[in-house]
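Please read the numbered paragraphs with the sequence and the model at hand.

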Amino acid sequence: MFFADYHIHTSFSSDSTAEMPKMIEKAIELGLKEIMITDHMDIGFPSHDMLFTLNYSDYSDAVNLYKVLYKDRIDVLIGVEMGLQKHIVRDARMFTEFNPFDFVIGSTHVINGLDVSDSRFFEGKTKKEAYTEYFENVLENAKLHDCYNVYGHLDYINRYSHYEDNSLEYKDYSDIIDEILKVLVSKGKGLDINTSGYRYGLGRTNPQLDIVKRFKELGGEIVTVGSDAHKPEDVGAYFAEAYAMLKEAGFKYTASFRNKKATMVKL
Ligand SMILES: [Zn+2]
Ligand SMILES: [Zn+2]
């Protein structure tokens, strides 16, 4: 049985219309013990149609209501997926410290004013240049910010590229990826094992097995598994694959979070 889904979007995210109780009910149906709601907060997102800002008061009211309503069936927890950029370190810290959260995912969604899902990010760049720029940005954010518990979908950049060969292998970026992993380990941070790679046709989790294995070798301990679901049918999707991958990478535990503090739960 799977333990929990730690990456869930609801209608509090600009890119989801999913009703929170529908997501929770799906998690209960799957037998999960916990569900971490992690709606988007992207300060300085470069689009006026999609703001990706979160009103904490409305959001926490909703999560707390469902926490009570479902308390005998599942633990409903309050998290956030913070978009990290180098110029918002203070804002990100204030948002996650003044507002109580159980868990914070830090993700790179925007680089130099461009959403990485925008094809303009890749324009005029070779694959190597674009992917390296992405990882350099992750490294910078991982160092500068301290507000996050796990780094989101670490190697997902090839989800959005349109090269003839979009593949992204650890061995081709091992120097910079190792640097990122060492920063995460030294700061006691973890990895979001994101199963949406399967839904995007990548055929694997983000990050991939080789990166998760390397994280473990370098002393990494904290991993959480999340579907990144934006609709109920995706809650808990591809968890069998993710749990098997984690075991292959040498992990015996996944983390559970309360008030941004981890405890370990056997896989
Ligand atoms: Zn994300
Ligand atoms: Zn997400």
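1. Pairing of strands 1 and 2. In strand 2, Ile 37 is the bridge partner of Ile 8. The coordinates come from a predicted model, and all values in this note should be read accordingly. Strand 1 and strand 2 (residues 34–41) run parallel and are joined by three bridges. In general, strands of a sheet pair through backbone hydrogen bonds, in either a parallel or an antiparallel manner. Together with helix 1 (residues 20–29), strand 1 and strand 2 make up a β-α-β unit that is right-handed.

2. The open sheet is formed by seven strands, with parallel pairing, in the order 1-2-3-4-7-8-9. Strand 1 (4–8) and strand 9 (223–226) stand at its edges; each has a single partner strand, so one side of each is left without a neighbour in the sheet.

3. The zinc site. Which residues coordinate the zinc ion (ligand 1)? The donors are Glu 81 through OE, His 109 through NE2 and His 153 through NE2, at 2.1 to 2.2 Å. Along the sequence, the spacing of these donor residues is E-x27-H-x43-H. His 109 belongs to the loop between strand 4 (103–107) and strand 5 (110–111), and His 153 to the loop between strand 7 (150–151) and helix 5 (174–186), so the pair ties together parts that are 44 residues apart in sequence. Both His 109 and His 153 are buried.

4. The zinc ion (ligand 1) and the zinc ion (ligand 2) lie 3.5 Å apart. Glu 81 coordinates both of these ions.

5. Salt bridges of Arg 258. The whole structure contains 17 salt bridges. In one of them, Arg 258 pairs with Glu 34, and the closest N and O atoms are 2.9 Å apart. Arg 258 lies in strand 10 (residues 253–258) and Glu 34 in strand 2, so this contact ties together parts that are 224 residues apart in sequence. Arg 258 counts as partly exposed because its relative accessibility is 33%, whereas Glu 34, at 5%, counts as buried. Arg 258 also forms a salt bridge with Asp 75, where the closest N and O atoms are 3.0 Å apart. This second pair links distant parts of the chain, since Asp 75 is in strand 3 (residues 75–83) and Arg 258 in strand 10, 183 residues apart. Asp 75 counts as partly exposed at 35% relative accessibility.

6. A further salt bridge. The side chains of Asp 146 and Lys 189 meet in a salt bridge, at 3.2 Å from N to O. Asp 146 lies in the loop between helix 4 (127–144) and strand 7, and Lys 189 in the loop between helix 5 and strand 8 (190–194), so the pair ties together parts that are 43 residues apart in sequence. Returning to the previous point, salt bridges with shared partners join Glu 34, Asp 75 and Arg 258 into one network.

7. Aromatic pairs. Tyr 148 and Tyr 151 are both buried. One aromatic cluster includes Phe 121, Phe 122, Tyr 131, Tyr 134 and Phe 135. Also in this cluster are Tyr 156, Tyr 160, Tyr 163, Tyr 173 and Tyr 200.

8. Lysines over rings. Lys 216 lies over the face of Phe 251, at 5.0 Å from the ring centre.

Key:
Residues are numbered from 1 along each chain as its sequence is written. Chains are lettered from A and ligands numbered from 1 in the order in which they are written. This is a predicted model: local features need pLDDT of at least 70, side-chain atom pairs count only at pLDDT 80 or more; totals for chains, interfaces and linings use all residues. Side-chain values use heavy atoms; hydrogens and water are left out. Two strands pair if DSSP finds at least two bridges between them. Helices (H or I, at least four residues) and strands (E, at least two) are DSSP runs, numbered from the N terminus. Buried means under 20% relative accessible area, exposed over 50%, partly exposed in between (1.4 Å probe, protein chains only). Rings of Phe, Tyr and Trp (its six-membered ring) pair if their centres lie within 6.5 Å; planes under 30 degrees apart count as stacked, over 60 as edge-to-face and the rest as tilted. A charge sits over a ring if NZ of Lys or CZ of Arg is within 6 Å of the ring centre and within 35 degrees of the ring normal. Donors are N, O and S atoms within 2.8 Å of the metal (3.2 Å for Na, K and Ca); water is not among the atoms, so sites may look incomplete. A salt bridge is a side-chain nitrogen of Lys or Arg within 4 Å of a carboxyl oxygen of Asp or Glu. A crossover is right-handed if, with the strands pointing away from the viewer, the path from the first strand over the helix to the second runs clockwise.
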